[in-house]
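Open the model in your viewer and keep the selection tool ready. This tour goes stop by stop.

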Amino acid sequence: MLEPWLAFFHISAFLGWIVFASAQAALCRTEWLNAAVVPRLVRLDVILWIATAAVLLSGLARIYWGAKGSAWYWSNWLLHLKLTLFIVAAILQIGPARQYRRWRDRLAAGGALPSDTEIRGARRLVMLATHVVAVIPLAAVFLVRGWGV
């Protein structure tokens with residue numbers, strides 16, 4: 001009975017990650033960014049990092065407490081591909097996270113909004129991370145069906 005719950009929590013965390021990354025991508029546009037959007041981006045980013053941690057923790061729970069056992073998972077190259085993609089996506093999220101906080105602090109100090117170049121740069125990284133994340137389920141469906149061993 002534990003395996004379905006572990007799968008449910010992992011999939012739910014992953015969906016949450018996608019939702020909040022997509023929300024960031026939607027809001028981080030030059031034509032939409034205003035003083036009200038910047039704090040929302042910071043809030044979305046906090047939730048995104050919580051979802052990112054939930055994906056990692058629920059994935060580790062599946063590896064160690066799941067029916068197949070950790071030896072099976074760690075010996076499969078598809079798990080390593082998933083982890084690599086996860087790490088790449090998380091690293092790509094760091095830049096926009098820092099920028100949102102700088103933008104919030106700059107707004108609080110004097111009211112200046114970020115430049116179009118800054119906004120486009122942050123959005124580019126968010127979009128890239130989101131596209132990397134979108135590949136992870138492909139490796140996952142093959143992994144859980146026993147491929148890659």
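Is Arg 62 buried or exposed? Select Arg 62 and look: its relative accessibility is 13%, so Arg 62 counts as buried. The cut-off for buried is under 20%. Keep in mind that this is a predicted model.

**Stop 1: Glu 3 and Arg 62**

The side chains of Glu 3 and Arg 62 form a salt bridge, 3.0 Å from N to O. Glu 3 sits in helix α1 and Arg 62 in helix α2, so this pair ties together parts that are 59 residues apart in sequence. Glu 3 has 23% relative accessibility and therefore counts as partly exposed.

Why can such side chains pair? Side chains of opposite charge can do so when their charged atoms come close.

**Stop 2: Arg 101 and Asp 45**

How many salt bridges does the structure hold? There are five. For another one, select Arg 101 and Asp 45. Their closest N and O atoms are 2.7 Å apart.

Check the surroundings of each partner. Asp 45 has 0% relative accessibility, so Asp 45 counts as buried. Arg 101 is partly exposed, at 26%.

**Stop 3: Arg 106 and Glu 118**

Stay on helix α4 and pick Arg 106. Its salt-bridge partner is Glu 118, and the closest N and O atoms lie 2.9 Å apart. Arg 106 is partly exposed, with a relative accessible area of 29%. Glu 118 is partly exposed too, at 24%.

**Stop 4: the nonpolar patch**

Switch to a surface view. Select Met 1, Leu 2, Trp 5, Phe 8, Phe 9, Tyr 64, Trp 65 and Trp 74. Together they form a nonpolar patch on the surface, with about 1,000 Å² of accessible area. Which elements give two or more residues to the patch? They are α1, residues 2-27, and α2, residues 37-65. Helix α1 supplies the largest share, four residues.

Finish on Leu 2. This residue lies in helix α1. Its relative accessibility is 47%, so Leu 2 counts as partly exposed. The exposed class starts over 50%.

Terms used:
Residues are numbered from 1 along each chain as its sequence is written. This is a predicted model: local features need pLDDT of at least 70, side-chain atom pairs count only at pLDDT 80 or more; totals for chains, interfaces and linings use all residues. Side-chain values use heavy atoms; hydrogens and water are left out. Patches are made of residues with over 30% relative accessible area and no salt bridge: like charges are joined within 9 Å, nonpolar side chains (Val, Leu, Ile, Met, Phe, Trp, Tyr) within 5 Å. Accessible areas come from the Shrake-Rupley method with a 1.4 Å probe; for residues, only the protein chains shown count as cover. A salt bridge is a side-chain nitrogen of Lys or Arg within 4 Å of a carboxyl oxygen of Asp or Glu. Buried means under 20% relative accessible area, exposed over 50%, partly exposed in between (1.4 Å probe, protein chains only).
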